[in-house]
Amino acid sequence: MTSAATPVYCCRALVKQRRSTGSSFSLHVPTFELHAGEIILLRGASGCGKSTLLDLLALALRPDAAECFVFQPPTTAAPVDLWAHWQRGQYDALASLRRHHLGYILQTGGLLPFLTVRENIGLTARLLGRDATAMIGPLAARLQITVHLDTYPRQLSLGERQRVAIARALAHQPAVILADEPTASLDPRNAQIIRELLLELVRESGTAAVIATHDWDDEPITGVRVLNHRLASTARGTQAYFWT
Ligand SMILES: Nc1ncnc2c1ncn2[C@@H]1O[C@H](COP(=O)(O)OP(=O)(O)OP(=O)(O)O)[C@@H](O)[C@H]1O
């Protein structure tokens, strides 16, 4: 088991370039640490690189360079060198880490339309060969979606779909929740309700979380750290810096 002081993620000089016709964007993470149970907020305008950073942390996007990019699973003594995995093309190992230890909430839910709400919530646990039945009932009750468990996502409102997406991300008890604009497609009242529910459930589960948002107000949130962020535009394009 790991010591409480070992960060879940530790990144140094992590870089990702993105190029499209006529523009270039690069994300730089000089230093980033996320500790067990910690909640970090990525705040910033549209296009500042929040999704890029989340996709790197979600092991869905290969960095271009890193001095250090390490993940500490809760169940093993040794940290995993993610950058070495990417360099060696160990994609199955990265996918397995993602499935076991990460829960990802997307802006519009990302639910599978051909599965019921219950099946969507239990999907990751099922892929891991676990039984999530005991988790689904209490999570659905907390998120007030019990009556929808046997319906399909298309029968739900956007707010209800986001509740299901939160339940799905938490049901396999991951070490980290990554949430990309989880309230951006909701009206202000629903956004506020979902934001509070998400923070409450993350705190109760003891899961660490990184939440990207451009629409949460600037008020400090107790126990939530805002990631430092700076944008620089030069002739070479835009460079975004995020650091803890
Ligand atoms: N697949 C891609 N190919 C090329 N450039 C991309 C790609 N995805 C994003 N970008 C560029 O990278 C930059 C950062 O995008 P990113 O989606 O990370 O920002 P964001 O802060 O999450 O924005 P939003 O709040 O609008 O989702 C933008 O300039 C965007 O145009």
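Residues are numbered from 1 along each chain as its sequence is written. The model is predicted: local features need pLDDT of at least 70, side-chain atom pairs count only at pLDDT 80 or more, and totals for chains, interfaces and linings use all residues.

**Exercise 1.** Work out how helix α4 and helix α6 are oriented.

*Solution.* Helices here are DSSP runs (H or I, at least four residues), and strands are E runs of at least two, numbered from the N terminus. The axes of α4 (residues 117–127) and α6 (residues 158–170) come within 7 Å and cross at roughly 30°; axes are lines fitted to C-alpha atoms over the stretch in contact, with angles from 0 to 180 degrees between N-to-C directions. Therefore α4 is roughly parallel to α6 (angles under 35 degrees).

**Exercise 2.** Find which residues of α4 meet α6.

*Solution.* Look for contacts (C-beta atoms, placed from the backbone, within 7 Å). V117, N120, I121, L123 and T124 in α4 meet V164, A167 and R168 in α6.

**Exercise 3.** Decide whether L59 and Q173, both with positive phi, are buried or partly exposed.

*Solution.* Phi is near 60° for L59 and about 55° for Q173. L59 lies in the loop between α1 (50–57) and β4 (68–71), whereas Q173 is in the loop between α6 and β7 (176–180). Next, count C-beta neighbours: buried needs 20 or more others within 10 Å, exposed 12 or fewer, and partly exposed is in between. L59 has 23, so it is buried; Q173 has 17, so it is partly exposed.

How values were computed: Angles under 35 degrees count as roughly parallel, over 145 as roughly antiparallel, 65 to 115 as roughly perpendicular and the rest as oblique. Two residues are in contact if their C-beta atoms, placed from the backbone, lie within 7 Å.
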